[in-house]
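Welcome! Take a moment to look over the structure below, and then let us walk through two parts of it together.

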Amino acid sequence: MSSHVWERLRPHWPFTLVAILGLALVLSNLGKDYLWADEGDTAVLAANIIKGGVPKAWDGVTFLDSDKGARLNHNLVMVTSPWLQYYVTGASFVIFGKHAFSARLPFAIAGWLTVLVAYRLILQSTASHWAGFCTASILVSSVQFLLYCRQCRYYALSMLLALLLLWIFLQMKSGRHCVLFAVVAILLFHAHPIGSVPVIALGALTIAYRPFFSQRRWFWTAAPAIALLTLPWIALAGSGYAESMGSVQSIPQFAGRIVQYMIECASVTPLLGATILLLFQSVRKRFANKKQMSTESSIANVTRIENQGSAIIIVTFVTLLLYAVMIAATQPADSLWRIGIRYTAAVLPLMAMTAGILITRITGDRAILSVLLMSVFVFTKFAQLTPWIFWGKTVASFDGKEVIEAHLPSNFIERFLNTRQQSIFLSDLFQSNLGTVANVCAFLHDYADAGDKLITNYEWEPLYFHTRLPQALKILPDYPIYQAAKLKGLPTYVFEVDHVRWVIWRPVWEGYQEYFGAEVEQQIVDRGGRIERVAELPETLWENRENIHFRRFPGGRYLFHGPETFPPATIFRVVWPAQH
């Protein structure tokens, strides 16, 4: 019995090693770093679900919404960001408790499952173990993929659900598969609306791509249910989406955004390498002399790879095109430069699968050649845009307003090799990497009393998650949610500075969401308070980032720009007349 099992598992041993490595990379010291702003948003609203069943911005102690309440309805319930990530995190809190590790754990597991599903999907579509191995290796060696997996945010959910959607679609020939497809499509939307573009891509291909005609009936049978459980959400959250989107003003602007999005994709995925291999394979297939393989089995194997792998390649590039159109219609170019591909994280596994298939096509599925060619994708950046940025730091603009810019590493060798960023990522797993939020929390843990109220001007959510101290002056009079919050009877400190004990001021974020230090100080003085400066802490801008282009590694190292110096964050103690 055991020998039979071993015979079945033996062909998968290279992938097994990669899968074990991937699990170690996504789980190692997962909770050592403090949450940053976006992670804090997920964690705090998830904790509020445990209290009230829905992601409310008010938990009875602190009001938390970093967009002036634009994402909330009149009951202070989050309606703009889909809820899947909040419920997944809430479930983890119920099982494991509320801390950074449990906040990130379900997403890390989803990221690891993405590797497993990608391998299975490739194996099922091509019958090539080496195509699956190359796919998994490209994913596990991608620092950007690993960073997404280690975030308490929707990125890993989007990647996993997109691959599950494709897996079900490729074998969708029954009512059961139709129901599963609809369920996954709905969940994909509720991970992030833009992330559900693969559903649209598959729908279009059932009409335009002949091999998918057999799925047409089942796709369009599922479509009404998918629309019923997704489109009303867009109507419900329309005002919140409008707040965070930048509509297109001209065709040149739209073209510029397309270019910026492609720059972001090509900077972190093997888009250029996969495109080159695809072109090479197409030319070879058309013009090369056809030579017979030595055995019928090899002929069958190559034919299988050629025919069945094409569907995944086509889905990848159609999805990429539709992602580009959707992103260009909703996101300014400068925003794309900062956020990268996080709204479309599924591009990472899709492009890895495409590269894995093309590598084995070029090499004839021969093990040594496949591994050698894969190594170029894994250990160098020649399959990405970075080595080919001959224009340096020069920027461009298509419309004279929005700037188009690439990401150029500060280290020359880093332009060509992945090894440095991979080694730095590994060292980050086992080194302290504290940012401003971590240092502020450490100070408050030492000096603040339970129930002390504080005011800050950025990263409210992680600060509250890690300290549980009430936050004052959270809703300003001109915020959209002001009247609704007043009608809900929230305490006066939510709207005012009265009896706040601490002010954590970060000058680099002066003016963000209409917070100005001089105005806050004047309000405290007018109320009879006295401000005392008690500490200054290094400012890191963000606690950290999910985007490798802005990620801070141990020792204050950045891969794509030099260390920056910002005015320090300052902690003030407020003394009121009744206090001694």
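This report visits a surface patch and then a sheet with its neighbouring helix.

## Before you start

Please keep in mind that this is a predicted model.

Ile50, Val94, Ile95 and Phe96 together make a nonpolar surface patch of about 410 Å². Helix H4, which spans residues 84-96, gives the largest share of this patch, with 3 residues.

Phe96 sits in helix H4, and its relative accessible area is 44%.

## An open sheet of four strands

Now turn to the sheet. It is an open one, built from 4 strands in the order S1-S2-S6-S3, with mixed pairing. Which strands stand at the edges? They are S1 (454-456) and S3 (530-537); each has a single partner strand, so one side of each is left without a neighbour in the sheet. On average, and ignoring direction, neighbouring strands here are turned by 20 degrees against each other.

Strands S2 (residues 502-505) and S6 (residues 569-575) run antiparallel and are joined by 4 bridges. Trp505, for example, has Thr570 in S6 as its bridge partner.

## The helix that packs on the sheet

Helix H21, covering residues 436-447, packs on this sheet and touches S1, S2, S3 and S6. The direction of helix H21 makes about 165 degrees with that of S2.

Notes
Residues numbered from 1 in each chain as written. Predicted model: local features only at pLDDT ≥ 70, side-chain atom pairs only at ≥ 80, totals over all residues. Heavy atoms only, no water. Patch = residues over 30% accessible without salt bridge, like charges linked within 9 Å, V, L, I, M, F, W, Y side chains within 5 Å. Areas by Shrake-Rupley, 256 points an atom, 1.4 Å probe, with all protein chains shown as cover. Salt bridge = Lys/Arg side-chain N within 4 Å of Asp/Glu carboxyl O. Helix = DSSP H or I, 4+ residues; strand = E, 2+ residues; numbered from the N terminus. Buried < 20%, exposed > 50% of the residue type's maximum accessible area, 1.4 Å probe, protein only. Pairing = 2+ DSSP bridges. Axes fitted to C-alpha atoms, helices over the stretch in contact; angles between N-to-C directions. Contact = heavy atoms within 4.5 Å.
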